[in-house]
Amino acid sequence: MTAPGAPAGQQTVRRHNLSLITTALAAAPSSRAELAQRTGLTKATVSSLVDDLITRAIVVEGEPANGGVGRPARPVRLDPDGPVALGVEINVDYTAACVLDLTGELRCYQRHVVENRANGAAEVIEQAAAVARAVLAEAGQPLLGAGLALPGVVADDGTLLRAPNLPGLAGARPGMQLADALGAPVLVVDNEANLGALASLRADPAAGPDFVYVSGEIGVGAGLVVAGKLFRGASGFAGELGHVVVTQDGPDCGCGGRGCVEQYAGQDVLLRTAGQPDLERLEAAVTARDPAALIAVAQAGSALGVGLASLLNVIDLPKVVLGGMYARLFAAITPPLTIQLNRRVLAPRRPGRLSRSPLGGDAAVRGAAGAVLDRALSDPAGVDWPAIV
Ligand SMILES: [Zn+2]
């Protein structure tokens, strides 16, 4: 996005200045004069950059606002009809996709129940690509790029290093395969709990800057947000809450260990204990005060609380945001969870320590698309924007 023929130093400065403008507009729409004030750039520089962004349909200038003194200012905002970000989530028993416009508004969303456990990588990716194509067709806007959420440990190069519940994909590079299938760039590939954490922070800044996002699916994971940033550990394995041990000689776990949180509080165990075939019917049974469902949720909440207390005692984060099925079962699972946290966490009790992700079970797929927006808007010259015709 640099001016052709400009010297390298000027290109670097322009790239930096563009990022100042888009970052400011991601926070709030502003007139050109306000943008100059907010960024410290000259009005002439702001105008040149805004004109460039308008030609690429990244920003749009609104009608002049009435009521002020002097020449009315025209608000500049990110263009909701411009390029869009695609989020794709491949999970153990479902695939989801969504489209966010540049302002972060949800344009389209689909979630399909699909048993991915028994499928090989090619089959899983093709099914995910089909869901992605469907939401993109519905949105009908040019694609900026995609983000992919995966239920396992993802290396920096996008390799799915470890996915105990999705063995067909372990060792694969699903982001590259999805990019090939879609013919579009996949800009972000990350663990679903990490992306769920980022989406929850974006949707509810009050959750931050320090919290644990707990993702409850067939697997159980945690995204650790410290000072507003994800904490991944030395090699990306941080937050494997599902494999914190609750009982040393408990049931075998897919990770090779025994007695992990996932074996007590994961979706498979929860449904089996409750005698329910799926989450919808478990929710209905809980609402109807079915004794088996209530006991199953209480046992899961208690085990999750034991594991979570260990995590909190090690990393001392003040808040816990529940996502995935724990968000859906929030009212029923919170009491047994709270009992364990109050009993076992050494840090002082805090009011409002537990909260429900505002995005419910959709945080990871929303986070995948949101991470694409964050990357593109923090450095618009660092990504290839789709040509606008
Ligand atoms: Zn385990």
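A residue is called buried when its relative accessible area is under 20%, exposed when that area is over 50%, and partly exposed in between, using a 1.4 Å probe and protein chains only. Asparagine 116, at 1% relative accessibility, therefore counts as buried. Keep that rule in mind as we walk through this predicted model, in which local features need pLDDT of at least 70, side-chain atom pairs count only at pLDDT 80 or more, and totals for chains, interfaces and linings use all residues. Residues are numbered from 1 along each chain as its sequence is written, and side-chain values use heavy atoms, with hydrogens and water left out.

Helices (H or I, at least four residues) and strands (E, at least two) are DSSP runs, numbered from the N terminus. Two strands pair if DSSP finds at least two bridges between them.

With these terms, we can describe an open sheet of five strands, in the order 5-4-3-6-9, with mixed pairing. Its edge strands are strand 5 (106-113) and strand 9 (186-191), each of which pairs on one side only. On average, neighbouring strands of this sheet are turned by 15° against each other, direction ignored; such angles run from 0 to 180 degrees between N-to-C directions, and the axes are lines fitted to C-alpha atoms, for helices over the stretch in contact.

| Strands | Sense | Bridges |
|---|---|---|
| Strand 3 and strand 6 | parallel | six |
| Strand 3 and strand 4 | antiparallel | six |
| Strand 4 and strand 5 | antiparallel | seven |

You can find single residues facing each other across these pairs. Valine 84 stands opposite leucine 143 in strand 6, isoleucine 90 opposite threonine 95 in strand 4, and cysteine 98 opposite tyrosine 109 in strand 5.

Two hairpins involve strand 4. One joins strand 3 to strand 4 through three residues. The other is formed by strand 4 and strand 5, with five residues between them, and glycine 104 in its turn has a positive phi of about 90°.

How many residues of strand 4 are buried? Seven of its seven residues are, and the strand is mostly covered. In a regular strand the side chains alternate between the two faces of the sheet. Here Tyr94, Ala96, Cys98 and Leu100 are buried on one side, while Thr95, Ala97 and Val99 are buried on the other.

Helix 4 (residues 121-139) lies across strand 3, strand 4 (94-100), strand 5 and strand 6, and runs at about 30° to strand 4. The loop between strand 5 and helix 4 holds asparagine 116, our opening example. Contact means heavy atoms within 4.5 Å. Leaving aside neighbours within four places in sequence, asparagine 116 is in contact with Ile90, Asn91, Val92, Tyr94, Thr95, Val124 and Leu166.

## The nonpolar core

A nonpolar core is a set of buried Ala, Val, Leu, Ile, Met, Phe, Trp, Tyr and Cys residues joined through side-chain atoms within 4.5 Å. The largest one has 36 residues, and Ile21, Leu35, Val59 and Trp385 have the most contacts inside it. Several elements give two or more residues to this core, among them helix 1 (8-27), strand 4 and strand 6. Helix 13 gives the most, with nine residues.

Valine 76 lies in strand 2 and, at 0% relative accessibility, counts as buried. Beyond its neighbours within four places in sequence, valine 76 has contacts that include Leu25, Leu35, Val50 and Val59.

## The zinc site

Which protein atoms are the donors of the zinc ion? They are His243 (ND1), Cys253 (SG), Cys255 (SG) and Cys260 (SG), lying 2.0 to 2.4 Å from it. Donors are N, O and S atoms within 2.8 Å of the metal (3.2 Å for Na, K and Ca); water is not among the atoms, so sites may look incomplete. Along the chain, the donors follow the spacing H-x9-C-x1-C-x4-C.

Why is the arrangement tetrahedral? Because the four donor atoms subtend angles of 104 to 125° around the zinc ion, and four donors count as tetrahedral if all angles lie between 85 and 135 degrees. Cysteine 260 is buried, with a relative accessible area of 2%.

## Backbone details

A cis peptide bond, with omega about 5°, joins glycine 208 and proline 209. Proline 209 lies in the loop between helix 6 (192-203) and strand 10 (211-216).

Methods: Four donors count as tetrahedral if all angles lie between 85 and 135 degrees; four count as square planar and six as octahedral if opposite donors are over 155 degrees apart and all others between 65 and 115; anything else is irregular.
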